[in-house]
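Visitor: I have a structure to look through. Can we go over it together?
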Amino acid sequence: MRHLWELEGYSICRILGTSLDENDLKKIARKLGIDYEDKFLLHAELISACKQKSPFSKMVERILLRKFCNLNLTPQEAFEQIRCGNYKAPIGALMWIACQDKSLEPKTFSIVHMRELELLKNSKNNSLNEKLKREIEELRAKIEKLEKKKERLVSERENLKKKVFELTKELNRLKLEKAEMEIKFNSIGGDYSFERIRELEKEIKILRGEVRKQLKREIKRKRNRLGKEKKIQIISYLS
């Protein structure tokens, strides 16, 4: 069996990076005396320490063997799963088994490395797609808002059309009425009629004044006559 420290650094990096869980990393961080929160520093120190045979690298190898003990695959079978992308076991375990055959180690790395690059590229594309999706949703929201505004404006336009129609109808009626009034006005003399009416009003005012004066004189005469008649009656009565 090829031991962990006998593998190439790039293989150690990917096997440990894909195989160790949180509990494993916390245990290893305590052994190395490294802050667990600094994941990159922990990973780098872990890879460096496992490149050499030591009690620490043996401990890490035992952790891996416990994780992979249930797998019964040959290096070639593990490599085929990696090559086809049809993983029936964790990728870290498949790499560990495939690298037991030294001739398969560089081939395994080349496949895994290109898959990593593809994932990074897809991740970028996914980010762009998400951005495009957000922009599309924003555009859809704007379009929907504009559609509602358009419907409201169309409704307002129809109401304005109705008002314009009603006002036009009323204006035509007023024009017709004005024309009829002008005809009547002209038939009674036009502007001369107004002058004649003002003259008649003056004459009526004068006549009313004269009538009032005559009425006052007539009332006064009647009062005088009645007064004389009463005096005569009183004299007759006394006689």
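Visitor: How do helix 2 and helix 4 run relative to each other, roughly parallel or roughly antiparallel?
Guide: Helix 2 and helix 4 are roughly antiparallel (an angle over 145 degrees), because their axes cross at roughly 170°. The axes of helix 2 (residues 22–32) and helix 4 (residues 55–68) come within 11 Å. Helices here are DSSP runs of H or I, at least four residues. This is a predicted model, where local features need pLDDT of at least 70 and side-chain atom pairs count only at pLDDT 80 or more. Residues are numbered from 1 along each chain, and side-chain values use heavy atoms, without hydrogens and water.

Visitor: Which residues in helix 2 meet helix 4?
Guide: Asp24, Lys27, Ile28, Lys31 and Leu32 do, and on the helix 4 side they meet Phe56, Met59, Val60, Ile63 and Lys67. Contact means heavy atoms within 4.5 Å.

Visitor: And what classes are they, by count?
Guide: The contact has six nonpolar, no polar and four charged residues. Val, Leu, Ile, Met and Phe are among those that count as nonpolar, Asp and Lys among the charged.

Visitor: New topic. How many aromatic pairs are there?
Guide: A search of the whole structure finds two. Rings pair if their centres lie within 6.5 Å; planes under 30 degrees apart are stacked, over 60 edge-to-face, and the rest tilted. Tyr10 and Phe109 form a tilted pair, 4.2 Å centre to centre with 35° between the planes. Phe68 and Trp96 form another tilted pair, at 6.4 Å and 40°.

Visitor: Where does Phe68 sit, and where Trp96?
Guide: Phe68 is in helix 4 and Trp96 in helix 6 (residues 91–98), 28 residues apart.

Visitor: Is Phe68 buried or exposed?
Guide: Phe68 is buried, at 9% relative accessible area, where buried means under 20%.

Terms used. Axes are lines fitted to C-alpha atoms, for helices over the stretch in contact, and angles run from 0 to 180 degrees between N-to-C directions. Helices (H or I, at least four residues) and strands (E, at least two) are DSSP runs, numbered from the N terminus. Angles under 35 degrees count as roughly parallel, over 145 as roughly antiparallel, 65 to 115 as roughly perpendicular and the rest as oblique. Rings of Phe, Tyr and Trp (its six-membered ring) pair if their centres lie within 6.5 Å; planes under 30 degrees apart count as stacked, over 60 as edge-to-face and the rest as tilted. Buried means under 20% relative accessible area, exposed over 50%, partly exposed in between (1.4 Å probe, protein chains only).
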